[in-house]
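Let us walk through this structure one site at a time. Keep the sequence and the 3D view side by side.

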Amino acid sequence: MTVFARPGTPDAAMSFQARYDNWIGGEWVAPVKGQYFENPTPVTGQTFCEIARGTAEDIELALDAAHAAAPAWGKTSVAERAIVLNKIADRMEANLEAIALAETWDNGKPIRETMAADIPLAIDHFRYFAGAIRAQEGSLSEINGDTVAYHFHEPLGVVGQIIPWNFPILMAVWKLAPALAAGNAVVLKPAEQTPASILFLIDLIGDLLPAGVVNIVNGFGVEAGKPLASSPRIKKIAFTGETTTGRLIMQYASQNLIPVTLELGGKSPNIFFSDVLAANDDYQDSALEGFTMFALNQGEVCTCPSRALIQEDIYDEFLSAAVIRTKAVRQGNPLDTETMIGAQASNDQLEKILSYIEIGKGEGATLLTGGERADLGGDLSGGFYVQPTVFAGNNAMRIFQEEIFGPVVSVTSFADYADAIKIANDTLYGLGAGVWSRDGAVAYRAGRDIEAGRVWTNTYHQYPAHAAFGGYKQSGIGRENHRMMLDHYQQTKNLLVSY
Ligand code: NAD
């Protein structure tokens, strides 16, 4: 067991600035209105830095810088851009521990996750898009003997990006890497709950990019996000966040007829067919582990498997084993390498989760474990911790239909294959799903029948850069990851030439 030293203490791998401005045109720029807001760590609830409270005026400054930088960046060769992305990846890798610590302190997630998953995935994302842009080719169509149509990829120009607080660095990189590889300049607004780790990162890698190619304006949704998404000076807006906010973003973008990428909410089913309990073996063990994935990242994952569907004939036995397994998920200090579940990202989120636990009790769901705020003692008592919670109920309940975005799973049973698919698809959302069966044909068929953009069969929560990710139904529009993402950040120029 290792407990990492807290940021800013003598043995720590990193320290934050006491105050962060906006990052515009390759330097720190104070907010035009001179206002800042306090940024607490979820680990203890104590403020550790101040953040610029950006407004429309700061967005305009950032757009000025992005427009100044975009033409030259868009004309660099793909090889030059790939070199820059690879240098960023190398710099991040050399500072992995510092970045992971920054992310854990700002967001409350366990250091074992940021060290092993969040930051390595972000690094790989830069490398993947460095390779993808090198491998991208245009096309040529022969129209007739002396007429040819060429298709070229061109960058869009200046794009806007708005991200949430659950994977601050990974969400930023999911958006930055393809946009930069495709030759765009970016104005990005982090979530107001978790801006500090992204600002720490840009401080670390900012010198590797030409000034103005990446600009970061901090602040709140309506004050800073809305002027960015509504601006006629951007050619695209990419957004990750709640479905209700996504609808607003689409309205803003429609005024300027610009494309949107929307990565929104979810209420993902995790289906356990009866054969998962056929033998007390490694497979059964992975299925039980798969059940506990609702608590990964404190349940603050858009694909959180927050509805577990268990076949009737194994319901009691599987559920009691799953509850025992849930109780073994170690909750603790996020800086401790043994900790599996840390703190919720904000006090508001903590309150929201506790209120949903009361809703679940009120609508008659059976509480099987958890259900309380967790008090970890010492100065962690001020942190935002919730016990992993398991409810049993039915799919009509609010706790089965509404996104809680916390370590809460709602469990129900199903009779047969058709019933499983019906319950799984009985939701407004369609982002993720899990299917557990030893029968490959059942797993494959369910994977195809579930209305969701990502279905994991016999695994859960893997996010490789080269697998397309995005939502069906009200979980979003467009895809992220995979080289197809480049198309979302480029337009096609057709040159029809008669020789
Ligand atoms: P949110 O919608 O409240 O905020 C997301 C971002 O939008 C923040 O930066 C916020 O400041 C900004 N914002 C809020 N109102 C705005 C407005 N009117 N105009 C412009 N910007 C505005 O979401 P959140 O609570 O930060 O994040 C949690 C949500 O994100 C969950 O619903 C989760 O499922 C979703 N999410 C989806 C994915 C995915 O890939 N589909 C990934 C992560 C999170």
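Leaving aside neighbours within four places in sequence, which residues is E263 in contact with? They are T240, C302, G470, G471, G476 and E480. Contact here means that the C-beta atoms of two residues, placed from the backbone, lie within 7 Å.

Two notes on reading the model. Residues are numbered from 1 along each chain as its sequence is written. The model is predicted, so local features need pLDDT of at least 70 and side-chain atom pairs count only at pLDDT 80 or more, while totals for chains, interfaces and linings use all residues.

UniProt, in an unreviewed entry, lists E263 as "active site". UniProt positions are given in the numbering used here, feature names are shortened, and annotations may be inferred rather than shown by experiment. E263 sits in strand β12 (residues 260–263). Strands are DSSP runs of E with at least two residues, and helices are runs of H or I with at least four, numbered from the N terminus. E263 is buried, because 27 other C-beta atoms lie within 10 Å. The cut-off for buried is 20 or more such atoms within 10 Å; exposed is 12 or fewer, and partly exposed is in between, with C-beta atoms placed from the backbone.

Now turn to the ligand. Of the 30 residues around the ligand, E263 is among those that come nearest, along with P164, G221, G225 and G241. A residue counts as near if its C-beta atom, placed from the backbone, lies within 6 Å of the molecule. Helix α7 (221–229) and helix α8 (243–256) each supply at least two residues of this shell. The largest share, five residues, comes from α7. The shell draws at least three residues from each of domain 1 (19–264 + 475–493) and domain 2 (269–457). These bounds come from an automatic or database domain assignment.

The largest nonpolar core has 146 residues. Such a core is a set of buried Ala, Val, Leu, Ile, Met, Phe, Trp, Tyr and Cys residues joined through C-beta atoms within 7 Å. Helix α4 (residues 111–135) gives the most to this core, with 12 residues. Domain 1 and domain 2 each contribute at least three. L85 is one of the residues with the most contacts inside the core. Not counting residues up to four places away in sequence, L85 touches F126, F129, A130, A177, L180 and A181.

Last, a loop. G342 lies between α10 (315–327) and α11 (347–362). G342 is buried, because 30 other C-beta atoms lie within 10 Å.
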